[in-house]
Amino acid sequence: MKPIHLLFSLPALWLLGFSSTQANPSDTITHHDYEVSAEVAIAGDKTPLWMTANRHGISGVSGDYGYLRAKVEGEGILGRKDKRHPWTYGYGVDLVGGYGMTGSKFFPAQAYLQANYRAIRFQIGMKEDQLAMKDDRLSSGSQTFGINARPVPQVRFEIPEYLSITGKSNWAAIKGHISYGMMTDGNWQEKYTRNSLYHYSKNGLYHSKAGYLRIGNENKFPLTFEGGLEMATQFGGTSYRVHDREDLRDQPVKMPHNFRAFFDALFCLGGDPTDGVYTNVAGNTLGSWLLALNYKGKNWRARVYYDHFFEDHSMMFLEYGWKDGLIGAELELPRNPVVSKVVYEHLYTKYQAGPIYHDHNDVIPDQVSGVDNYYNHHIYAGWEHWGQGFGNPLIVTPLYRADGTLNFNSNRVKAHHIGLMGSPTAEWDYRVLASFIQSWGTYAHPFDEIRRNASLLCEVSYRPQFSRTGHFAKGWQFTAAWAMDRGSLIGDNNAFSLKVTKSGLFCK
């Protein structure tokens, strides 16, 4: 096995190697929760970026939308409660129905079952995940595993929380996952691209893996380090390229989906039927290196982090230089009524290993693996699900073009992003997101001039509470938001939304 393939498999080795590490039994208390919410957004021709992005695909980009959402989640102990209980279970059902949303009027947002043995979890179904090393409410999002698209149904084996590999001292800990799943948007892709000249795929398979290492114990020393490798592969299924010529229309490319295909996806091996003599790896393989330094003060916290994205092998290591990436800083302030947390991020994706790609041959033996073309792929529609990118939404979704194509035409960007939040009182809190994007298009199709976009979201939430007990009044929350875009990349858009949520326990 080549060294690079061995490195791709490290998350799997971490999980298998440390799954038996000592861990305390779960202290999970059985509970079953419900949440019912309704949201209505009033917009113009298009919905602003921050009223569609990082919502796990529950939104629409074509103006007004609204939905009713009902969710039930629970967890509990497997076995007798009067003894040590290393086995626990969890479940969730989350249904959404409405209008103006991408793809369908009614769909399951989440549906999963999970069994936990101490620190190890086995999960089947689709579940919304959180960002690694970033704040879900304030960050612009991760570049590989973001919170922008609908989750994929999958079988998943993971260590969800950091597990000590140095015993009780807890100076080093790991977590991670391995999963296989199937994309659910094939029929929608076919319908959406029917009148265009761009390709789509159906019955595509999905593989993801990640491994994270934490060094340090914040309870003993304030500075800790986190590092991680996230990787994903789209493989299997059938790809179709839609042509205007009838004799070339819908010529399928059938991708392998046998046992070897699953093995190749795990270890980044194999090749595609379209590769010819220049084999790369099977499917659409991509990932990110994540690095973070955390500092825990007496009543405040700070974090700086770096997210380096790569496609296939190029730019995974230092051969082409790490010129692209997302750099962020997060500051959690001492308790005050003005601002509780601030995030700043800078995203740069212009380089993409350079503008030249050349396969080695007998005349020119040098291999130049540039033009990485982030989030796009020649077989699959790209790193997206139901039209929304899995990664960072500042690489804007193709849905805003509304032209029946699913390629990302503005993936060479420079962007600045700020997020802040606060709680003036126990009943009120707010959130502000502001982003500025400059886009040069792609290497293959550059824009005639730089396109810019400024996006803003202002959101206020109210949770009434009883004055005597200090508890929130039966789980009610009311949220109002206003968002806008200005610029030539997305257009000038405005929207207002109102959301009502009721949550609580339906049994103990």
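## Ground rules

Residues count from 1 along each chain as its sequence is written. In this predicted model, local features need pLDDT of at least 70 and side-chain atom pairs count only at pLDDT 80 or more, while totals for chains, interfaces and linings use all residues.

S11 (residues 238–241) and S12 pair over four bridges, in the antiparallel sense; pairing takes at least two bridges found by DSSP. Across that pair, threonine 238 faces lysine 254 of S12.

## Cavities

Next, the holes: there are four cavities of 30 Å³ or more. A cavity is a set of points on a 1 Å grid, over the protein atoms alone, where a 1.4 Å probe fits but cannot get out, and lining residues have an atom within 4 Å of a point.

The largest cavity has a volume of about 70 Å³. Its lining has 13 residues, with Met183, Asp185, Gln189, Ser201 and Gln234 nearest the centre. Helix H3 (186–192) and strand S8 each supply at least two residues of that lining.

The second largest cavity, at about 60 Å³, is also lined by 13 residues; Asn148, Gln388, Pro393, Ile395 and Thr397 lie nearest its centre.

How values were computed
Side-chain values use heavy atoms; hydrogens and water are left out. On a 1 Å grid over the protein atoms alone, a cavity is a set of points where a 1.4 Å probe fits but cannot get out, and a pocket is an open set with protein on both sides within 12 Å along at least five of seven lines; lining residues have an atom within 4 Å of a point. Grid points are joined across faces, edges and corners, and a volume is the space filled by probe spheres set on the points.
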